[in-house]
Amino acid sequence: MKKIAVIGAGTMGNGIAHVFAQHGFLVNLIDLNSAQLEKALGTIAKNLDRQVTKGTIDESVKLSTLANITSFSQVADGVKDVELVVEAATENVDLKLKIFADLGKLTNENCILATNTSSISITKIASVTGRANKVIGMHFMNPVPVMKLVEIINGYATDKAVTDTIVELSRQLNKVPCVVNDYPGFIANRILMPMINEAIYSLYEGVAGVEEIDTVMKLGMAHPMGPLQLADFIGLDVCYSILKVLQDGFGNQKYAPCPLLTNMVTAGYLGAKSGEGFYKYTAGSKDLVVSSMFGK
């Protein structure tokens, strides 16, 4: 397998394209928004420059990586004759179903169709393609060039040969594949999101402040980042959406988003990407935490 397509040029899509291209794959990066494609290519170039500065790659690898990526603004053009499609569009059920219904018609019958969804049912997505046996979840972690894990999710009808191919492909990307089955939230978010939600409830109920909650989890549980800061980096709207998927999928109120999270998302406080969440962030930066919005 040498030629793949990535649908969606946002944070996850450009990271996935970056990693595949860096490991010698020819990548068609697809987004209907031409400005987003241009931005994505700029982001990939900056991230490659950072790798060169750190000495993890040399200039020739940077140049070959960029040369391996071709941008497309039409899905039909971008998926022609590829062997794998990785969809990394917005975490919206209706949008993903539309994309995969189209992919079932636009790609050749041997093409594997993968989704980077973090919570939506692989089986449901596969049901609209006409070849559910070729559909699988390939959930990368953010930031994709740095994080080692790929959560591989089997749909109800996914062929074992497809799973084996994606496992081997993940290893070729210098990632660590973990195969799980298709239930709401899979493993990563089924465990992570209730923890984040409980941290938000602890703040909501006045048990402790933002820094105290995050410090307990960092120093007491050896987490590299506290759950509230992590929620800011994931995006509070994304956390909210995943919790709703868990709540609906299991029919259990224990997964219901905390009222504080609901209010913050409604008010537009989405975390690092909006400049404010549980913390405030310097304009244009997702790295520097200025101060907590809560307490002092």
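User: Where does Phe 186 lie?

Analyst: Phe 186 lies in the loop between β8 (176-181) and α8 (188-204). Helices (H or I, at least four residues) and strands (E, at least two) are DSSP runs, numbered from the N terminus. This is a predicted model, where local features need pLDDT of at least 70, side-chain atom pairs count only at pLDDT 80 or more, and totals for chains, interfaces and linings use all residues. Residues are numbered from 1 along each chain as its sequence is written, and side-chain values use heavy atoms, with hydrogens and water left out.

User: What's the phi of Phe 186?

Analyst: Near 55 degrees, a positive value in a residue other than glycine.

User: Is Phe 186 buried or exposed?

Analyst: Buried, with a relative accessible area of 3%. Buried means under 20% relative accessible area, exposed over 50%, and partly exposed in between (1.4 Å probe, protein chains only).

User: And Asp 81, buried or exposed?

Analyst: Asp 81 is exposed, at a relative accessible area of 56%. Asp 81 also has a positive phi, about 65 degrees, although it is not a glycine. It sits in the loop between α4 (75-78) and β4 (84-87).

User: Switching to peptide bonds. Which one is cis?

Analyst: The bond from Asn 142 to Pro 143 is cis, with omega near 0 degrees. Pro 143 is in the loop between β6 (135-140) and β7 (149-154).

User: What does UniProt place at residues 3-182?

Analyst: An unreviewed UniProt entry puts the domain "3-hydroxyacyl-CoA dehydrogenase NAD binding" there. UniProt positions are in the numbering used here, feature names are shortened, and annotations may be inferred rather than shown by experiment. That stretch is 43% helix and 22% strand.

User: And residues 185-281?

Analyst: The unreviewed entry places "3-hydroxyacyl-CoA dehydrogenase C-terminal" at those residues. Here the chain is 63% helix and 3% strand, with the end C-alpha atoms 29 Å apart.

User: How many helices and strands in the protein chain?

Analyst: 12 helices and 10 strands. The radius of gyration is 19 Å, close to the 19 Å that the globule rule gives for 296 residues, so the chain is as compact as a globular protein of that length. That radius is taken over C-alpha atoms, and the rule is 2.2 Å times the number of residues to the power 0.38.

User: What share of the residues count as buried?

Analyst: 46% of the 296 residues.

User: What about contacts between residues 24 or more positions apart?

Analyst: They account for 64% of the contacts with a separation of 6 or more. Contact means heavy atoms within 4.5 Å.
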